[in-house]
Every structure is written in structure tokens, then in C-alpha cells.
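Hello,

Here is the structure I said I would pass on.

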Amino acid sequence: MGKGSSGFSAAASASSCNSNNDVLPSMIVFDLDDCLWTPEMHELSGMPTIPVEGPLDPNDNYSELGTVGMKVPSRRRRGNNNKGFDWGGYANDDGEEVVELYPGARLVLRELAKNPKYAAVKIAVASSSLEPSYSRACINGIEIVDGVTMKDMISYSQIGREGQLTSRKTSHFKLLQAQSGIPYDEMIFFDDCNWGDHVGDLQDAFGVTGIRTPQGLQVDEFHQGLEKYRSRRK
């Protein structure tokens with residue numbers, strides 16, 4: 001996923017500024033690890049390649065089924081406690097390594113996918129993941145609505161910390177801005193900021209509106225972010 005727009009659109013066309021009370025950013029940028037999904041990629045013992053099926057709407061167990069997570073194939077390794085074999089890396093309560101969106105993040109992405117008012121808004125990701133190939137596997141596999149994956153929704157992505165990318169998200173945003181041509185002050189960024197204040201750094205460096213999501217993205221944080229953006233654009 002690089003330069004250019006994805007093939008996905010919630011509607012044929014829409015203005016990013018529908019009214020004075022509904023000014024929307026031209027680009028919404030999300031961090032990945034601990035913001036949109038859990039666990040972090042470096043906690044996994046291998047590539048998550050197995051689709052996990054479940055209801056696509058976290059508030060409705062009877063909603064359409066789709067790929068709600070990506071699982072690492074079972075790998076056994078000798079434990080340090082000399083008690084035989086155990087699971088390596090991160091594991092959930094069932095002993096499986098499954099990457100899943102936070103419920104709030106899934107609801108936000110579903111809103112972006114289904115509400116026509118966001119049709120003109122570009123979606124991007126900026127992640128300093130230590131395992132960018134794992135991140136892309138999850139983006140390619142996880143569905144938001146029936147038949148629409150994260151990859152389908154994302155127009156621009158900068159993932160990793162090699163080459164032009166570093167652990168500072170300013171490096172990611174420089175490339176996002178160059179690819180998209182969208183001014184920094186027309187962007188909004190959501191990041192957990194548990195390993196550094198990327199939101200503050202980007203605001204100071206480029207004037208990007210940002211919201212911290214330390215417990216994973218929540219629906220109210222998303223709308224608070226949009227309100228903060230509108231306030232700054234007045």
C-alpha cells in the first residue's frame with residue numbers, strides 16, 4: 001500500500017466539509033499496535049497468517065461473519081522451566097496468538113466504511129512496528145464490513161522504522177504528506193503514545209491535530225478528535 005488511493009469508497013462522492021459544524025479532516029491517520037489492535041507485532045512468535053472468523057459488528061453477535069483477527073500458526077518451543085513444551089511469544093487465554101482490533105477501533109472503522117460523509121476522507125496508517133510484514137499480513141486479512149478489508153480502506157501506509165522511517169512518527173508523516181499532497185493541518189492522528197508522545201511531537205513539528213488513545217482507540221476518543229480538529233480549523 002503506497003502512493004495513490006484505494007479502490008474502496010463508502011459512496012460515489014462526498015465533500016470533506018459538509019457544513020460549518022461538520023468540517024472533516026482530509027486525512028485520518030491511525031497508529032496500529034495498541035491503538036487499532038492488540039497485541040503488538042513484536043510480541044508474536046511468528047507471522048499471523050490464519051484468518052479467525054467472527055461477527056464483524058462487535059455489538060451484534062448475529063451480524064455478518066468475516067475475518068475479525070489473524071492468528072499465528074501453532075508453534076511449540078522448549079520452555080525454560082524444564083517442564084516440557086509451552087507456547088512461545090504472546091498468547092491469549094486460549095493459548096493462541098491472535099491479533100484483533102479493539103472493539104472501539106472496529107466500530108470506528110465500520111463507521112468510516114459505512115457513513116457516506118467520510119467518502120472523501122483518506123485513511124492512512126503510521127506505525128513504527130518492529131515487524132512490518134506482520135502488520136501488513138493483518139491489514140490484508142482483517143475485514144471491517146463484509147468483503148472489505150483494512151487494506152481496501154487504507155490509501156496510504158508507512159510502517160516500520162527502516163530506510164527513511166525511524167522510531168519518530170515525524171518520519172512517517174513526511175512521507176505521507178509527500179505521497180498524498182495533503183497539508184499537515186488537514187490531518188488528524190490517533191496514537192496510543194504509550195512509548196513516546198508522538199501526538200505532541202507531531203503537533204509541535206507540523207501542526208498535526210492528534211488524540212492519545214492509551215487504552216486502544218475508543219469511539220468517544222474518535223469523535224473528540226474530530227471535534228478538536230474542527231475547533232482548530234475555525
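This is a predicted model: local features need pLDDT of at least 70, side-chain atom pairs count only at pLDDT 80 or more; totals for chains, interfaces and linings use all residues.

Asp 191 lies in strand β12, which covers residues 187-191. Asp 191 counts as buried because its relative accessible area is 1%, under the 20% cut-off. Its side chain comes within 2.7 Å of a backbone atom, the nitrogen of Cys 193. Leaving aside residues up to four places away in sequence, Asp 191 is in contact with Asp 31, Cys 35, Lys 169, His 198, Val 199, Ile 211, Arg 212 and Thr 213.

On the cysteines, the disulfide count is zero. Cys 193 is in no disulfide, and the nearest cysteine sulfur to its own, that of Cys 35, is 8.7 Å away; a disulfide would need the two sulfur atoms within 2.5 Å. Cys 193 has a relative accessibility of 15% and therefore counts as buried. Cys 138 is also buried, with a relative accessible area of 0%.

Helix α1 runs over residues 103-114, 12 residues in total. At 1.5 Å a residue it should span 16 Å, and its end C-alpha atoms are 16 Å apart, so the two values agree. As background, an α-helix has 3.6 residues a turn, so residues three or four places apart point the same way.

Regards

How values were computed:
Residues are numbered from 1 along each chain as its sequence is written. Side-chain values use heavy atoms; hydrogens and water are left out. Helices (H or I, at least four residues) and strands (E, at least two) are DSSP runs, numbered from the N terminus. Buried means under 20% relative accessible area, exposed over 50%, partly exposed in between (1.4 Å probe, protein chains only). A polar contact is a pair of N or O atoms within 3.5 Å; within protein, one must be able to donate a hydrogen and the other to accept it, and residues adjacent in sequence count only if both atoms are side-chain atoms. Contact means heavy atoms within 4.5 Å. The expected span of a helix is 1.5 Å times one less than its number of residues.
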